[in-house]
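Dear colleague,

Please find below the structure that I am handing over to you. My notes on it follow directly after.

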Amino acid sequence: MASKYGFAKQLKELRFLFCQTSDHSAATRSFLTKSYPTMKKHNPYTPILIREASGTEPKLFARYEFGKEKSVSLKGLDDKAIEQKVTELVKESI
């Protein structure tokens, strides 16, 4: 898991938005429960923000150098698919 979460130097922030109670955010909550400690351990200086808001659809934002941002929807994805989306965003350089 460590190599999957080796963030690119250009990545300045990773932000998860989701609902703390709804079913459509259950996979995101599960993923974060399992993967957050590993991501933070291997990237201690990169902020990983977790934002919970009632009724919010799960979404992932990555902020890169020069204020560029990318986002992907996590709605309807399982743990493996979420892991794949996170890996794509953290390895990407804009």
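The model is predicted, so local features need pLDDT of at least 70 and side-chain atom pairs count only at pLDDT 80 or more, while totals for chains, interfaces and linings use all residues. Residues are numbered from 1 along each chain as its sequence is written, and side-chain values use heavy atoms, with hydrogens and water left out.

Over residues 20–93 the chain is 41% helix and 22% strand; helices (H or I, at least four residues) and strands (E, at least two) are DSSP runs, numbered from the N terminus.

Helix H1 (residues 26–42) packs against H2 at an angle of about 50 degrees, with the axes 9 Å apart. Axes are lines fitted to C-alpha atoms, for helices over the stretch in contact, and angles run from 0 to 180 degrees between N-to-C directions.

The contact (heavy atoms within 4.5 Å) involves Ala-27, Thr-28, Ser-30, Phe-31, Lys-34 and Met-39 of H1 and Asp-79, Ile-82, Glu-83 and Val-86 of H2.

Asp-79 lies in helix H2 (residues 79–91). The C-alpha atoms of Asp-79 and Lys-34 are separated by 9.6 Å, although these residues are 45 apart along the chain.
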